[in-house]
Amino acid sequence: MRILVPLLAVLALASCRRGEAAPAAPAPDPALFEPVASVLTHPRCLNCHQDESPRQTDAAYLHRPLVVRGKDGHGAPTQPCQTCHQATNTADGFVPGVANWHLAPLSMLWEGKTKAQICEQIKDPERNGGRRTGEDVIEHMKSDPLVLWAWNPGAGRTTPPLSNGQLVEALEAWVRAGMPCPKDG
């Protein structure tokens with residue numbers, strides 16, 4: 001018994017030390033959202049994630065001629081987006097086009113928001129077009145024709161800083177990490 005008590009004490013101490021020394025799981029890194037944000041805050045995205053009127057060029061000028069959102073984001077009843085925007089860019093690239101051209105829904109408004117606010121928004125199905133999982137967000141960025149247009153915008157327009165494939169990879173890493181968002185500040 002004299003040997004058993006000290007042995008149990010040593011084992012108890014050893015197990016406490018081992019538990020204390022176990023490294024904590026690293027906190028998800030909010031910096032994983034930075035490459036995603038570099039695309040989402042680029043003019044190809046922000047120009048259509050607006051409130052009342054789309055923007056044009058990298059300088060985000062109000063659309064010329066002046067057009068408005070309309071009740072469904074497809075323009076006014078007297079001048080829907082498809083009046084000018086067809087299924088493809090015009091041959092000279094002056095008028096951009098893709099099937100079903102329209103503004104992002106108001107629930108997906110990014111105008112005037114910080115990276116942290118946009119990050120929280122794209123995780124929220126009430127504000128991201130009903131996408132319930134990170135995989136749904138990835139699929140949208142990978143396959144939606146309006147999203148893909150950003151990498152084929154026509155003459156004189158810049159493309160986002162990452163390729164679509166790089167954006168998808170960045171989104172996958174962000175989703176795997178639990179979709180951490182940066183803090184405002």
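Arg-64 sits over the face of Tyr-61, 4.9 Å from the ring centre; a charge counts as over a ring when NZ of Lys or CZ of Arg is within 6 Å of the ring centre and within 35 degrees of the ring normal. This is a predicted model, where local features need pLDDT of at least 70, side-chain atom pairs count only at pLDDT 80 or more, and totals for chains, interfaces and linings use all residues. Residues are numbered from 1 along each chain as its sequence is written, and side-chain values use heavy atoms, with hydrogens and water left out.

**The chain as a whole**

- The chain has seven helices and four strands, taken as DSSP runs numbered from the N terminus (helices are H or I with at least four residues, strands E with at least two).
- Reading from the N terminus, the order of elements is α-α-α-β-β-β-β-α-α-α-α.
- Of the 185 residues in the chain, 35% are buried; buried means under 20% relative accessible area, exposed over 50%, and partly exposed in between (1.4 Å probe, protein chains only).
- The chain has an accessible surface of about 11,000 Å², with 61% of it belonging to carbon and sulfur atoms; these areas come from the Shrake-Rupley method with a 1.4 Å probe, and for residues only the protein chains shown count as cover.
- Among contacts (heavy atoms within 4.5 Å) between residues at least 6 apart in sequence, 53% join residues at least 24 apart.

**Aromatic pairs**

- Searching the whole structure turns up two aromatic pairs; rings of Phe, Tyr and Trp (its six-membered ring) pair if their centres lie within 6.5 Å, with planes under 30 degrees apart called stacked, over 60 edge-to-face and the rest tilted.
- Phe-33 and Trp-174 make a tilted pair, because their ring centres are 5.3 Å apart and their planes meet at 50°.
- Phe-33 belongs to the loop between helix H1 (4-21) and helix H2 (34-40) while Trp-174 belongs to helix H7 (residues 164-176), so this pair ties together parts 141 residues apart in sequence.
- Phe-33 is buried at 0% relative accessibility, and Trp-174 is buried with a relative accessible area of 0%.
- Trp-101 and Trp-149 form an edge-to-face pair, with 5.0 Å from centre to centre and 90° between the planes.
- That pair also links distant parts of the chain: Trp-101 is in the loop between strand E4 (79-80) and helix H4 (115-123), and Trp-149 is in helix H6 (residues 145-149), 48 residues apart.
- Trp-101 is buried at 8% relative accessible area, and Trp-149 is buried at 9%.

**The nonpolar core**

- The largest nonpolar core holds 23 residues, and those with the most contacts inside it are Phe-33, Val-36, Leu-40, Ile-122, Leu-171 and Trp-174; such a core is a set of buried Ala, Val, Leu, Ile, Met, Phe, Trp, Tyr and Cys residues joined through side-chain atoms within 4.5 Å.
- H2, H4, H5 and H7 are the elements that give two or more residues to this core, and H7 gives the most, with six residues.
- Leaving aside neighbours within four places in sequence, Trp-174 contacts Leu-32, Phe-33, Cys-119, Ile-122, Lys-123, Met-179 and Pro-180.

**Helices H4 and H5**

- In H4, the residues Ala-116, Ile-118, Cys-119, Gln-121 and Ile-122 are buried.
- The buried residues of H4 pack against H2, helix H5 (134-143) and H7.
- His-140 lies in helix H5 and counts as buried because its relative accessibility is 15%.
- Not counting residues up to four places away in sequence, His-140 touches Met-108, Arg-131 and Val-147.
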